[in-house]
2 protein chains.
Amino acid sequence: MDIELYMQTLGKQAREASRVLSRASTATKNHALLTIAREIRAASDTLKTQNELDLAAGKEKGLEAALLDRLALTDSRIESMAEGLEQIANLSDPVGEISDMRYLPSGIQLGQMRVPLGVIGIIYESRPNVTADAAGLCLKSGNATILRGGSEAIHSNQAIAACIQSGLEQAGLPTEAVQVVETTDRAAVGQLITMPEFVDVIVPRGGKGLIERISKDARVPVIKHLDGICHVFIDSKADLDMAEEIAFNAKCHRYGVCNAMETLLVDSRVAATILPRLAARYQSESVELRGCEKTRSILTDIDVATELDWDTEYLAPILSIRIVDGVDQAMDHIHQHSSGHTETIVTEDYTTSRRFLAEVDSSSVMVNASTRFADGFEYGLGAEIGISTDKLHARGPVGLNGLTSQKWIVLGTGQVRV
Amino acid sequence: MDIELYMQTLGKQAREASRVLSRASTATKNHALLTIAREIRAASDTLKTQNELDLAAGKEKGLEAALLDRLALTDSRIESMAEGLEQIANLSDPVGEISDMRYLPSGIQLGQMRVPLGVIGIIYESRPNVTADAAGLCLKSGNATILRGGSEAIHSNQAIAACIQSGLEQAGLPTEAVQVVETTDRAAVGQLITMPEFVDVIVPRGGKGLIERISKDARVPVIKHLDGICHVFIDSKADLDMAEEIAFNAKCHRYGVCNAMETLLVDSRVAATILPRLAARYQSESVELRGCEKTRSILTDIDVATELDWDTEYLAPILSIRIVDGVDQAMDHIHQHSSGHTETIVTEDYTTSRRFLAEVDSSSVMVNASTRFADGFEYGLGAEIGISTDKLHARGPVGLNGLTSQKWIVLGTGQVRV
């Protein structure tokens, strides 16, 4: 198989399909989404049979249990995929939305119209449900998609792809609107990320290693999410009951997620009061605490946090704690160690809250709320294709709007430049 | 001189300065802009003396007359630079603008705050006025800048830089907020575009060769503008008097600009009526016409347009003309040959105008107005750092907003995820 030729063919087909998709009506796109959902439910047995092939191969290859779990398609996961597509059908269509139409001194009327990006390449790892989720979001936003899933999920992904193809066809849309790469050859990824003539943007979903590799080699823009090293800062003017609940929730609600707190910053003026209360809560959940020297003078039985700790996304029941002298030192720590994902301050002080909001340079900055809210569903985007820690284009949770662009439109009555 | 070390030092300094600049008040930034304008006017003689050095060296190197003209700093150009900075001071400050604050079911209040991008690298060619313009726009939008002008303008650029430094200092801002690269070594550009840790975005301004080179090698996002192959389509339902004025203006108002029309598309049903009228207008301005075979059956004395013509940005008094059968064929031609900059339809037909607006994928799409309006000043942006033909982030004329990003902000009253 000539991978270069194969990928270019997919690219050309996607580019042509994207023209059709960009002008497809909301009703047609929703019809396709709902039909795909129905096809997925109807194909439940086939999906599980194909998934069994992947699981068997994975076991043979010695994949670890967590990976096998992510790979597995159960009845409830199949139902979730179908429901996810139905939810996307219910979201309002961003394409064609016109905003800010205003008259200018020359007499022209200027505004902006939301339009699809064109062709989106999605590169992901073991979870086969991404195939349906990502295809659904791209379809609703009028984009053609080329999906490249993990080689360990190839049979599952192709079975899902068959449902998608069938739904597209029944809705009268080109089946090339969503294409799943059929080879597990790694060269296909290298090709996909270096075809700016056919692919407008790449969204990688997976581990940090995958994302770094792709960002390094890509010749098209990448909407990416690296670390989630999130901070909560308890200010001296915090409501300490509120601070305790937020700091507990931000760490313990879920451990393996990017918007969980990894480092707690506490103002020295309230540390002696709040830290023992918090330590008791954390220890009840068996969270391992690591602290700076000042922290250890209050919580005497915890380990020391090293420089490395401040830069680590644990994704685990581990928390590093640092005592700081005021908001400036807290923001300096964040500036130095944050991954730019999400930071929260707990405070009742007006000026301090405004400064934190304005000066902290992260994709989400919060006052008196848990970092766990930084999420497409919580933000009301309906669904998210990922969370971007980049600054250009999409920042933070990326929903349908993040998969679109805006062009300028001008309505005139014969104006010419003089 | 160790170029790598030198550029990294500039980068580090810019990164630090950007933190100060991002929280500088509107008043402080305006004070700096107005002071720089005053310094530039006061330094007029020095600027001209330093510019003489560049002009003399340019003549010696045998630079062509057009290039020398662009390089020259006259009294009126110096005054324009100062006025440009005063205009930027008058623009409203985009930084900190909060939009769309809304309450969500969880009780949190979510919105978006406009923030600077951070550090912007500007790479440009001979015009020294870009030094002041670009520095001004970046400063107002709260970004630190590293400017790398053409080697032929090095003395002029450094003299302007001295005015900028002085203005920053008098306003109490770090002088590292605007840094002009002091070496003419080409390796400095290579270094500037591959330091994602210090530079957030690159804006190249210059010829296509420069921009292609930079896009190819950059490891940071590039806001770029390649060709401006703009089209006007005269629909069968056009008001032909209006069509004549727009098609004439789009070509003849100025030739060497990116928003000038390069190809005229005419519906076959009105070609025999409108083309002779337009040909007379173009010939009065000595515009060379090249046409498809159908066009040449009406305008019998013009040359044939080859496939190459459809893909050429003439930037000159040359126009290619093609007769098409309806809006679909016109849009197919545009899809195939446009650079995605600006396209206009002239029509009185409701459905055709809506289809053209929705389906043409260019940064500006117009109905009944000259392509020449696609410009930051005409769009009311106040000034532009360039025109982007990319789809991600900024599309079309890039003003202050294009140099900023939006972060999410969340205001809570103690909410946690359940």
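Student: How do helix 5 and helix 6 of chain A pack?
Tutor: Helix 5 (residues 75-90) and helix 6 (residues 129-140) of chain A pack at an angle of about 5°, with axes 9 Å apart. They are therefore roughly parallel to each other (angles under 35 degrees count as such). Axes are lines fitted to C-alpha atoms, for helices over the stretch in contact, and angles run from 0 to 180 degrees between N-to-C directions. Helices are DSSP runs of H or I with at least four residues, strands are E runs of at least two, and numbering starts at the N terminus.

Student: Which residues meet there?
Tutor: Among them are R77(A), M81(A) and L85(A) in helix 5 of chain A, and D133(A) and L137(A) in helix 6 of chain A. Contact requires C-beta atoms, placed from the backbone, within 7 Å.

Student: Where do the numbers and confidence come from?
Tutor: This is a predicted model, where local features need pLDDT of at least 70, side-chain atom pairs count only at pLDDT 80 or more, and totals for chains, interfaces and linings use all residues. Residues are numbered from 1 along each chain as its sequence is written, while chains are lettered from A and ligands numbered from 1 in the order written. Chain A averages a pLDDT of 95 (the predictor's confidence in each residue, from 0 to 100), and the model scores ipTM 0.92 and pTM 0.91.

Student: New topic: how do strand 2 and strand 16 of chain B pair?
Tutor: Strand 2 (residues 109-116) and strand 16 (residues 404-415) of chain B run antiparallel over eight bridges; pairing takes at least two DSSP bridges. There, G111(B) has I409(B) as its bridge partner.

Definitions and conventions:
Angles under 35 degrees count as roughly parallel, over 145 as roughly antiparallel, 65 to 115 as roughly perpendicular and the rest as oblique. Two residues are in contact if their C-beta atoms, placed from the backbone, lie within 7 Å.
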